[in-house]
Amino acid sequence: MRGSLTVATIFGTKVRVHFTFALLLIWVGAVYFGQGGWAAAFAGIAFILALFACVVAHEFGHILTARRYGIVTRDMILLPIGGLARLEHIPRIPQQELLVALAGPAVNLAIAAILLILVGGFPETGWQSLFDPEARFLDRLALANLLIATFNMLPAFPMDGGRVLRALLAFRIDHGQATQIAASIGQGIAFAFGLLGLLGGNPLLIFIALFVYLGAGSEALMGRVQHAIEGYLAGSAAITSLERLTPDQRIAEAADMLIRTTQKELPVVDGMGRFQGLVTADGLVKGLREHGSEAMVGDIMQTDIAMIAADAPLADCLAGMQDGGKAAVAVTGQDGSLIGLVTMENLSEFMLLRSAQPNHR
């Protein structure tokens, strides 16, 4: 989310645009300007904007379908390579994941069908119209939507087709196994793309291969992590032996605490022990530079840290840290009192110790 700007809120979901998207528009404008001047440049930029409007519609196909199953999507981001909707979590019920995954490409197919009806059918020049700047605007947009739908249905993560494949496999086997099989197939497809790109001297295919390979590997790793922590509660992995700060303590006291303890994250609580925020080592150094040692801890603490109930699934802690790249989440009691912290480091240790037990899944 870093380097992105919120441009709209649609159905309660923020639409963000990364700054690199502007670089794409500049590049497209420059290429078309070289071919036909300002008129061509504006036409090329208009086509890209229309295309990415369809990408936004694609993502909202996922978002609104997921919402039917109670899954919140806080925001989506537009990048030069496409859109990314950050669903709170991926449905674990195969039928739900299947419908959520199919909803995006279905939107593109619907847009393509409407546009082809408006222009009177498939272009006479076929797919060549997509790459012809002289072709009709709507012809090119219809073909682009067909291409988006087709590409997204490749059975490889992080495309929708990879999730469709996993959902279909999960009807018959365990979700974790389905993830590993789908990821392996995706990496096989990535290898084939990379080989074709090298043999044909096509850098685009090589880029796609790398994108797919890394996406499949990331999904496989996340699947293993989620499977390992499934069934455990947040309180079972929390660090409970903690030094704590209050908002009115001086930054100098926080610095002393950081040195005296092995903690890299210092929780801040009020007089009733309720969680207020978090001071990290990096935040403390920045605070000393900007505010000095006599400033208050409340001036430098992070307040957007997720608070997870102790009896909530441990997977919620993982999601809370991934959302915005936070160092930790606070595990709290029903009254908001701090019980402990869960960090990536102690979550890894928890998984390692559990996997070493003979009766571990």
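This is a predicted model: local features need pLDDT of at least 70, side-chain atom pairs count only at pLDDT 80 or more; totals for chains, interfaces and linings use all residues.

A: Strand pairing first: two strands count as paired if DSSP finds at least two bridges between them. Helices (H or I, at least four residues) and strands (E, at least two) are DSSP runs, numbered from the N terminus. Residues are numbered from 1 along each chain as its sequence is written, and side-chain values use heavy atoms, with hydrogens and water left out.

Now the sheet. Four strands make an open sheet in the order β1-β2-β3-β4, and the pairing is mixed. β1 and β4 are the edge strands, each pairing on one side only. From one strand to the next, the twist averages 25°; the axes behind such angles are lines fitted to C-alpha atoms, for helices over the stretch in contact, with angles from 0 to 180 degrees between N-to-C directions.

Start at the β1 end. β1 pairs with β2 in the antiparallel sense, over six bridges, and Ile10 has Thr13 in β2 as its bridge partner. In the loop between β1 (4–10) and β2 (13–18) you'll find Phe11. Phe11 isn't a glycine, yet its phi is positive, at about 50°. Most residues other than glycine have a negative phi. Phe11 is also exposed, with a relative accessible area of 56% (exposed is over 50%, buried under 20%, partly exposed in between, using a 1.4 Å probe and protein chains only).

Over at the β4 end, β3 (residues 73–79) and β4 (residues 82–87) run antiparallel and are joined by five bridges. The hairpin that joins β3 to β4 goes through two residues. Thr73 faces Leu87 in β4.

What lies across this sheet? Helix α1 lies across β1, β2, β3 and β4, running at about 160° to β3 (contact here means heavy atoms within 4.5 Å).

Helix α4 (residues 160–170) is mostly covered, with nine of its 11 residues buried. Among those buried residues are Gly161, Val164, Leu165 and Arg166.

Arg166 turns up again in the lining of the largest cavity, along with Arg92, His175, Gly176, Thr179, Gly223, Gln226 and His227. A cavity is a set of points on a 1 Å grid over the protein atoms alone where a 1.4 Å probe fits but cannot get out, and lining residues have an atom within 4 Å of a point. α5 (175–200) and α6 (203–229) are the elements that give two or more residues to this lining. By type, the lining has no nonpolar residues, six polar and two charged. The cavity holds about 30 Å³ of space, and a search of the whole structure finds one cavity of 30 Å³ or more.

To place all this in the whole chain: the secondary structure comes to 10 helices and nine strands, and 44% of the 361 residues count as buried. The C-alpha trace spans about 75 × 50 × 40 Å along its principal axes.

Conventions: On a 1 Å grid over the protein atoms alone, a cavity is a set of points where a 1.4 Å probe fits but cannot get out, and a pocket is an open set with protein on both sides within 12 Å along at least five of seven lines; lining residues have an atom within 4 Å of a point. Grid points are joined across faces, edges and corners, and a volume is the space filled by probe spheres set on the points. Ala, Val, Leu, Ile, Met, Phe, Trp, Tyr, Cys and Pro count as nonpolar, Asp, Glu, Lys and Arg as charged, and the others, Gly among them, as polar.
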